[in-house]
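Reader: I have a model open and a few things to ask about it. Can we go through them one by one?

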Amino acid sequence: MPDYASLIRQNLHHLRQPEPFLPFHNPTSANPDFDAASCRVLIARLSPFRDVDRSMPHLFLFHEVRRALPDAFIDLAFFPTADVRALFDREGIPYLLGCQSLRSAAEFDLLLVSNSYTLELINLPYLLIHSGIPLFAGQRGPEWPLILLGGSNALAAQAIIRQDGDSLVDGIFFGEGEGRVGRLVALLASHRSGDRRQVLEQAAREITGFWASGTAFP
């Protein structure tokens with residue numbers, strides 16, 4: 001994989017707000033080595049860090065995943081600001097990039113997208129396209145991470161679902177996530193080497209509030 005870490009660190013002084021990438025190797029995340037981790041989970045916000053730095057959803061997801069998967073590598077990604085997008089475009093860096101690992105979303109097993117309000121939902125396809133990730137779940141094979149969306153706007157996220165049931169994400173989680181998000185990611189992580197469709201359908205049956213793309217489960 002390309003060495004995005006060197007590119008970011010060499011250009012950090014050009015960024016107006018480098019805070020998302022600092023500090024390097026944050027010890028408070030309690031992450032194992034990326035390659036040795038039992039599972040790799042990226043939590044993405046659809047807004048820039050400066051707009052959500054005091055927000056709670058990504059921190060809630062972080063702690064839910066950490067409780068469920070203590071040996072996982074968990075990282076955060078934020079919608080890049082204009083100067084960061086210019087750097088990423090110039091250096092060929094994907095927009096969905098872990099702030100601590102400086103690894104692309106394609107290197108993770110699970111991608112959890114937090115969608116707070118309708119307007120930022122348009123950033124989701126933009127981020128996927130600029131990260132080289134196939135746009136619809138039906139186009140993505142086992143080499144791609146499972147992508148799940150949740151958040152306070154989940155009930156108004158119908159725009160990402162096609163008439164045939166395919167979706168920009170592999171599943172949508174509705175409602176309060178305490179406890180259930182941990183169960184969901186643990187189930188998906190434990191079966192990630194199996195058939196994606198079967199695993200998602202099992203999750204839809206077992207986890208209240210989870211809808212799997214392309215299924216008829218209510």
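Reader: Leaving aside neighbours within four places in sequence, what is Arg66 in contact with?
Author: This is a predicted model. In it, Arg66 is in contact with Ser29, Ala30 and Asn31, and also with Asp71, Ala72 and Ile74.

Reader: Which helix does Arg66 lie in?
Author: Helix 3, residues 57-68.

Reader: Is Arg66 buried or exposed?
Author: Arg66 is buried, and it has no salt bridge.

Reader: Which side chain of opposite charge is nearest, and how many Å away?
Author: Asp71, at 6.8 Å.

Reader: What lies 3.3 Å from a polar atom of the Arg66 side chain, then?
Author: The backbone oxygen of Pro70.

Reader: Different topic: strand 1. How many of its residues are buried?
Author: Six of six; strand 1 covers residues 40-45.

Reader: Which residues point which way?
Author: Arg40, Leu42 and Ala44 point one way, while Val41, Ile43 and Arg45 point the other. Both sets are buried.

Reader: How many bridges join strand 1 to strand 2, and do they run parallel or antiparallel?
Author: Five bridges, and the two run parallel. Strand 2 is residues 73-77. Within strand 2, Phe73 is the bridge partner of Arg40.

Reader: And what about strand 3?
Author: Strand 3, residues 110-114, pairs with strand 1 over five bridges, in the parallel sense.

Reader: Which residue there is the bridge partner of Ala44?
Author: Val113.

Key: Residues numbered from 1 in each chain as written. Predicted model: local features only at pLDDT ≥ 70, side-chain atom pairs only at ≥ 80, totals over all residues. Heavy atoms only, no water. Buried < 20%, exposed > 50% of the residue type's maximum accessible area, 1.4 Å probe, protein only. Helix = DSSP H or I, 4+ residues; strand = E, 2+ residues; numbered from the N terminus. Pairing = 2+ DSSP bridges. Lys, Arg positive; Asp, Glu negative; His and termini not counted. Salt bridge = Lys/Arg side-chain N within 4 Å of Asp/Glu carboxyl O. Polar contact = N/O pair within 3.5 Å; in protein donor to acceptor, adjacent residues only side chain to side chain. Contact = heavy atoms within 4.5 Å.
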